[in-house]
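Good morning, colleagues. I would like to take a few minutes to go through one structure with you. Please look at the display first.

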Amino acid sequence: MFKKGHVPDVVGPTPYHRLPFENFVNQVVEEYSFRGDQVKVIQKALWQFTPQDVIDAGADITFVPHKEQHNFSVPGKKVLYWMQMVIPEYFSVDKKGWLAGATYAPIDPKDGDENSHDFDLLSGRSKANISKFDQPKRMYENFPHKDYILFPCQIPHDETLKYHSKISVAQALNCVIQYCELNNKKLIVKGHPVNPDSMEPLKKLCLTSSVTEYITQGSIFDFIEHANLVCVVNSGTGFESILMNKPVVMFGNAEYDKVVNKANLDNFMEVMATASYDATQYRKFVNRWTTIMYKSDDPISFRKLPSLTSF
């Protein structure tokens with residue numbers, strides 16, 4: 001549980017969308033147990049965890065979920081912060097944080113292998129309509145929208161925005177609307193499916209524009225597939241757009257900084273007008289990304305976990 005509330009006394013079966021988390025923890029336990037280390041798993045609601053728990057545990061290394069060093073610092077203790085990625089089976093483990101807040105960010109594509117099949121395997125998820133959130137059935141070539149710029153909304157109070165972007169969703173959307181109005185470009189704004197109430201201020205922004213259409217229904221992959229350009233703050237949809245070989249304009253910070261077009265409140269007009277992408281760089285980036293991350297159903301990827309003495 002992320003939000004404060006009643007915590008049940010009995011833990012029920014793991015929901016299917018939480019199975020990658022369970023698999024990740026099991027892989028960490030198995031890897032360190034195989035090395036001969038003692039492992040203890042503490043299960044609580046996320047909001048109940050405190051730095052004092054790390055001190056009380058007295059472990060050589062403590063794995064802390066969904067936090068970063070700046071908001072969960074434990075001086076004098078070795079802490080690794082872990083987080084699920086946009087591809088649900090993949091997890092980040094890092095000394096500092098996750099995504100743009102991690103020591104590995106931004107990921108440099110020069111260290112990746114363009115001949116790896118990682119890009120093809122992950123991009124296959126888009127064709128099969130598989131995302132972190134359940135998607136409506138894809139329409140593929142029967143999709144009714146064509147020739148547009150796509151802005152997929154993020155939940156405005158999400159920690160990815162709070163910690164990894166100086167530009168809010170509303171500010172970025174306003175920039176994209178300005179560009180589309182000036183250049184008479186059709187803009188489709190896709191509302192986030194998880195928290196409709198948080199989308200209301202963004203929806204109101206769209207109502208003032210003659211070239212903008214706010215949409216809630218449909219698979220995100222259809223919207224990406226038929227877009228000429230995808231504009232994001234720093235969402236996972238940007239990563240999925242990379243996997244679909246689309247030019248991406250990003251207003252915030254993410255691990256994929258080095259392979260997309262970076263915009264701010266001053267230069268967005270020029271950046272959007274000249275946005276492009278390099279398919280080879282995309283492939284190299286994705287390969288490098290997969291080698292850094294931990295795949296919850298692949299024990300081999302956990303062999304790179306730091307030892308108690310090499311941390």
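The count of salt bridges comes to 10 in this model, which is a predicted one. Let me take three of these pairs in turn.

In one of them, aspartate 108 is bridged to lysine 258, with 3.4 Å between the closest N and O atoms. This pair links distant parts of the chain, 150 residues apart: aspartate 108 sits in the loop between strand E3 and helix H3, and lysine 258 in the loop between strand E8 and E9. Aspartate 108 counts as partly exposed because its relative accessibility is 21%, and lysine 258 is likewise partly exposed, at 47%.

I turn next to arginine 283 and aspartate 120, whose side chains meet in a salt bridge at 2.9 Å, N to O. Here helix H10, which holds arginine 283, is linked to helix H3, which holds aspartate 120, across 163 residues. Arginine 283 has 23% relative accessibility and therefore counts as partly exposed; aspartate 120, at 36%, is also partly exposed.

Aspartate 222 lies in helix H7 and arginine 138 in the loop between H3 and strand E4, 84 residues apart. Are these two residues buried or exposed? Both aspartate 222 and arginine 138 are buried. Together with Glu225, they are linked in a salt-bridge network.

Finally, the sheet. Its 6 strands form an open, parallel arrangement in the order E6-E5-E4-E7-E8-E9. The edge strands, E6 and E9, each pair on one side only. Strand E5 is joined to E6 by 4 bridges, and isoleucine 188 has glutamate 213 in E6 as its bridge partner.

Methods
Residues are numbered from 1 along each chain as its sequence is written. This is a predicted model: local features need pLDDT of at least 70, side-chain atom pairs count only at pLDDT 80 or more; totals for chains, interfaces and linings use all residues. Side-chain values use heavy atoms; hydrogens and water are left out. Two strands pair if DSSP finds at least two bridges between them. Helices (H or I, at least four residues) and strands (E, at least two) are DSSP runs, numbered from the N terminus. A salt bridge is a side-chain nitrogen of Lys or Arg within 4 Å of a carboxyl oxygen of Asp or Glu. Buried means under 20% relative accessible area, exposed over 50%, partly exposed in between (1.4 Å probe, protein chains only).
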